[in-house]
Amino acid sequence: MLELKNVSFDAQGDNGKVEIVRDISLTVPDNKFIVITGPNGGGKSTLAKLIAGIEKNTAGKIIFNGEDITEKNITERARLGIGFAFQQPVRFKGLTVLDLLRIAAGKPIKIDKACEYLSEVGLCAKDYINREVNASLSGGELKRIEIATVLARDVKLALFDEPEAGIDLWSFKNLIRIFENMQQSDKQRTIVVISHQERILNIADEIIVLAEGKVVKQGSKEEILPEIIGTKYAAGACYKLEGAEENA
Amino acid sequence: MLKMDAIQMQLIREIADLHDVPEGAYNFRANGESVGRNTTANIDIKSKIEGSGIDIRIKDGTKNESVHIPVVLSESGLKETVYNDFFIGENCDVLIVAGCGIDNCGQQDSEHDGIHRFYVGKNSKVRYVEKHYGSGDGNGKRILNPVTEVYMEEGSTMEMEMAQIKGVDSTERATVAELKKDAKLVVRERLMTHGSQTAISTYKVSLNEDGSSADVVSRSVARDTSYQKFDACIIGNAACSGHTECDSIIMDKGRILALPALEANSVDAALVHEAAIGKIAGEQLIKLMTLGLTESEAEEQIINGFLK
């Protein structure tokens with residue numbers, strides 16, 4: 001179980017301090033599929049990075065399975081079972097897909113095991129296993145490999161930052177299938193996905209709506225989804241622009 | 001039988017990946033003397049009359065054979081210059097493994113300057129692998145200054161793989177190549193310097209006839225206060241294609257000077273160069289740390305992959 005207690009994050013902007021995450025307290029129960037949604041700039045990615053330790057919260061506490069991890073670094077949190085799939089996956093010259101999956105697994109896994117993870121994300125394993133994770137891979141391919149590195153880790157909490165970003169329509173169908181499979185798998189893990197996509201929201205057990213650094217709604221899909229479809233929370237950038245006009 | 005001690009065998013393992021006497025032709029040189037040699041029906045090795053190196057002659061049509069010519073120095077204060085000439089006939093397909101390992105536990109500098117000349121016959125294919133390695137904790141420096149000259153006849157191909165990953169204090173490498181019609185040269189250089197080491201690598205590749213091509217790629221890592229200079233010039237004198245690339249990671253207080261250069265003397269010469277120097281990207285470290293590695297483990301993985 002993940003608990004955030006009064007977590008805040010301030011960044012230094014051009015005009016002084018900017019509050020990105022404001023005093024968020026929430027509980028993410030075990031073995032659930034949670035989707036965090038809300039307008040751009042609402043603090044979703046930052047919140048995920050705070051949980052993984054990539055950014056350090058400026059106030060509040062983060063408790064993971066009863067342990068206070070607020071002061072723990074990225075590596076320590078990873079070893080406690082927190083996984084993170086980046087919105088924009090990183091490229092590595094020289095490291096192959098197999099190298100990366102082996103690093104992720106934390107042991108020298110056999111090729112057939114690595115192939116399973118690739119198949120799970122819809123990549124034909126034999127075409128990819130020895131490819132370098134470099135600029136020769138497309139954004140969509142990279143994104144799936146990124147997801148495979150999280151699958152290979154056997155984590156307790158998997159965070160996915162906008163997995164659909166940069167993925168074409170065809171690949172998007174596969175992406176949904178990957179998450180459906182993950183959700184139905186018997187592995188005990190909590191999945192937290194940051195997404196704007198209705199189809200991903202549709203498979204959530206629980207939805208959290210974040211705006212202006214705060215939780216504005218949290219509840220079951222049945223409860224939240226009808227409220228946000230077609231509203232300002234699902235509308236993203238346009239809402240912000242309209243808001244700006246109204247304020248002008 | 002090879003007359004070598006444990007340190008020399010260890011050096012051989014590092015540079016040639018050999019645990020025993022290799023198959024095929026070989027010449028092992030240790031502390032300035034030949035300590036083992038084997039020739040085959042197609043590959044002959046003879047000492048030069050003046051004793052400063054060897055001539056390797058490979059007959060026309062020799063296929064799937066190899067020549068190993070490792071050199072080790074384990075005596076402090078030894079300086080040598082060795083000339084090895086390879087005469088490769090026509091229509092061959094051979095592997096040549098060279099390399100030098102220096103173990104210097106003493107106070108005096110040890111130096112090996114190997115001058116390798118390759119005459120590659122028509123339509124022959126050569127793969128050349130060269131590794132350099134240094135060990136020993138003495139104050140004496142370990143110095144390697146290899147010179148490689150490659151003369152390629154029509155339709156020949158040469159792939160050169162050169163690596164220097166550890167322990168060589170000072171290196172000045174010069175590679176010169178001249179290519180005739182449809183000849184193809186591929187160079188893959190990998191270099192890591194640490195401590196206060198210096199490494200200079202110079203290439204001058206002349207594409208003299210139509211259809212010739214060269215691809216010279218260097219990947220290097222400079223750590224601590226080490227210094228590297230990569231100076232690669234491809235000269236296009238005909239309808240040819242050339243590409244040179246220098247890709248470097250810089251760490252600590254390392255310094256790198258990359259000078260990729262192109263000279264086109266023909267309107268049909270297609271030449272490209274690329275150079276990039278930078279530290280390890282923070283996001284690469286973060287990604288590997290989210291997979292459970294510490295920062296220094298992540299750094300090692302990134303460098304190992306980069307130099308693979």
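Which residue of β7(A) does A:I82 stand opposite? A:I82 stands opposite A:L157 in that strand. This is a predicted model, in which local features need pLDDT of at least 70, side-chain atom pairs count only at pLDDT 80 or more, and totals for chains, interfaces and linings use all residues. Residues are numbered from 1 along each chain as its sequence is written, while chains are lettered from A and ligands numbered from 1 in the order in which they are written.

Strand β6 (residues 82-85) and strand β7 (residues 157-161) of chain A pair in the parallel sense over 4 bridges, where pairing requires that DSSP find at least two bridges between the strands. Helices (H or I, at least four residues) and strands (E, at least two) are DSSP runs, numbered from the N terminus. From β6(A), A:I82 and A:F84 point one way and A:G83 and A:A85 the other way, and all are buried, that is, with 20 or more other C-beta atoms within 10 Å of their own, whereas exposed means 12 or fewer and partly exposed in between, C-beta atoms being placed from the backbone.

Between the chains, 19 residues of chain A are in contact with 17 residues of chain B, contact meaning C-beta atoms, placed from the backbone, within 7 Å. The largest share of the chain A side, 4 residues, comes from α2(A).

| Residue | Phi | Loop |
|---|---|---|
| B:D182 | about 60 degrees | between β13 (170-179) and β14 (184-193) of chain B |

A:N65 is partly exposed because 13 other C-beta atoms lie within 10 Å, and B:D182 is partly exposed because 19 do.

Technical notes. Contact = placed C-beta atoms within 7 Å.
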